[in-house]
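Hi,

Here is the structure I promised to pass on to you. Have a look at it first, and then read my notes below.

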Amino acid sequence: MSIEKFSLEKVLSVHTWTDTLFSFTLTRPAQFKFTAGQFARIGLMVGDELVVRAYSVVSSPFDETLEFFSIVVPDGAFTSNLQHLKVGDTLYLDKTSYGYLTLARYQQPAPHDLWLLATGTGLAPFLSMLQDFSTWQNYQHINLVYSVRSATELAYVERIQEIAASFGEGHSGFKFIPIITRDPSAPLHDRLPILIANGELEQAAGMLLSPATSHVMLCGNPQMVEDTKEALKLRGLIMNRRGVGNIAVENYW
């Protein structure tokens, strides 16, 4: 791997959410451009080897810094080292952004209702989209659905409220819908495919998933993505191909 493809960036902050979830921010080089929903390739030296992983960007495309949301993979070659980040450390950043989980991919149906369905760190690209004013201008209804195992894993809740208040000021169609799968007392606690099949997700949102109006994005656990995609297809929604269709996906690890 050519190290010339990377710039060396400084860690500006580190925030620990749980023992296995943390966020960090980096300096952003002037030449690094991205669209909300895209990911960056971040590297660190492990011995003499540059180890690289993909991370969706949490930040707005207009922010001066870059923020990322990470899970700690036990004994992982990358995150087992990354979790010990400190302010002032340096990381390698690929100078090019990647990925197609962007709202620009949608052409038909026209924007109307947007469903952002995430598990775990799959929340990251959706936070970026919600920090782009065009998202709020284009969609009448936005449902951010965030599925975690326990309440302690509900990261960014206050930030989501702040984003909705600032970027979505005057927008009455936003709903944040948390799902806590290991808490039977939570209002929603089943897996996303079940909540789609039994209608509980639509009930929580106060609207229907519709082939005629819905744009649905999935990001997170690959099994969730696959199972939820199939549940949506049973409701008549189709994969987005060449701009046409409802469903766009990203497997997140």
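A definition to begin with: two rings of Phe, Tyr or Trp (for Trp, the six-membered ring) count as a pair if their centres lie within 6.5 Å. By that rule, Phe22, Phe24, Tyr55, Phe68 and Phe78 form one aromatic cluster. Please keep in mind that this is a predicted model.

Aromatic pairs

Across the whole structure, a search finds eleven aromatic pairs. In one of them, the ring centres of Phe69 and Tyr156 are 5.2 Å apart and the planes stand at 80 degrees, so this pair is edge-to-face. Phe69 belongs to strand 5 (residues 65–71), while Tyr156 sits in the loop between strand 8 and helix 4, so the pair ties together parts that are 87 residues apart in sequence. Phe69 and Tyr156 are both buried. Another pair is Phe133 with Phe167: with centres 4.7 Å apart and planes at 35 degrees, it is tilted. Since Phe133 is in helix 3 (residues 133–138) and Phe167 in helix 4, the contact ties together parts 34 residues apart in sequence. Phe133 has a relative accessibility of 45%, so it counts as partly exposed.

Six strands make up an open sheet in the order 4-3-6-1-2-5, with antiparallel pairing. Which strands are at the edges? They are strand 4 (49–56) and strand 5, each of which pairs on one side only. From one strand to the next, the twist averages 40 degrees.

Strand 5 pairs with strand 2 (residues 21–27) in the antiparallel sense, over seven bridges. Here Leu26 stands opposite Leu66 of strand 5.

Strand 3 (residues 39–46) is mostly covered, with six of its eight residues buried. Eight bridges hold the antiparallel pairing of strand 3 and strand 4, and Arg41 stands opposite Ala54 in strand 4. These two strands form a hairpin with two residues between them. In the turn, Gly47 has a positive phi of about 70 degrees. Strand 3 is also joined to strand 6 (residues 90–94), again antiparallel, through two bridges; Ile42 is opposite Leu93 there.

The nonpolar cores

The largest nonpolar core has 34 residues, and Leu116, Phe126 and Met217 touch the most other members. Elements that each supply at least two residues of this core include strand 7 (113–119), helix 2 (124–130), strand 8 (141–148) and strand 10 (214–220). Helix 2 gives the most, with five residues. Beyond its neighbours within four places in sequence, Leu116 is in contact with Phe126, Met129, Leu130, Ile142, Asn143, Leu144, Val145 and Met217. A separate core has 22 residues, among them Ile196, Leu201, Leu209 and Met239.

A buried glutamate

Is Glu202 buried or exposed? Its relative accessible area is 6%, and buried means under 20%, so Glu202 is buried. What does its side chain reach? The side chain of Glu202 comes to 2.8 Å from the backbone nitrogen of Leu209. Not counting residues up to four places away in sequence, Glu202 touches Trp115, Ile196, Met207, Leu208, Leu209 and Arg235. Two of these contacts, Ile196 and Leu209, are also named among the members of the 22-residue core.

Best wishes

How values were computed: Residues are numbered from 1 along each chain as its sequence is written. Side-chain values use heavy atoms; hydrogens and water are left out. Buried means under 20% relative accessible area, exposed over 50%, partly exposed in between (1.4 Å probe, protein chains only). A polar contact is a pair of N or O atoms within 3.5 Å; within protein, one must be able to donate a hydrogen and the other to accept it, and residues adjacent in sequence count only if both atoms are side-chain atoms. Contact means heavy atoms within 4.5 Å. A nonpolar core is a set of buried Ala, Val, Leu, Ile, Met, Phe, Trp, Tyr and Cys residues joined through side-chain atoms within 4.5 Å. Helices (H or I, at least four residues) and strands (E, at least two) are DSSP runs, numbered from the N terminus. Rings of Phe, Tyr and Trp (its six-membered ring) pair if their centres lie within 6.5 Å; planes under 30 degrees apart count as stacked, over 60 as edge-to-face and the rest as tilted. Two strands pair if DSSP finds at least two bridges between them. Axes are lines fitted to C-alpha atoms, for helices over the stretch in contact, and angles run from 0 to 180 degrees between N-to-C directions.
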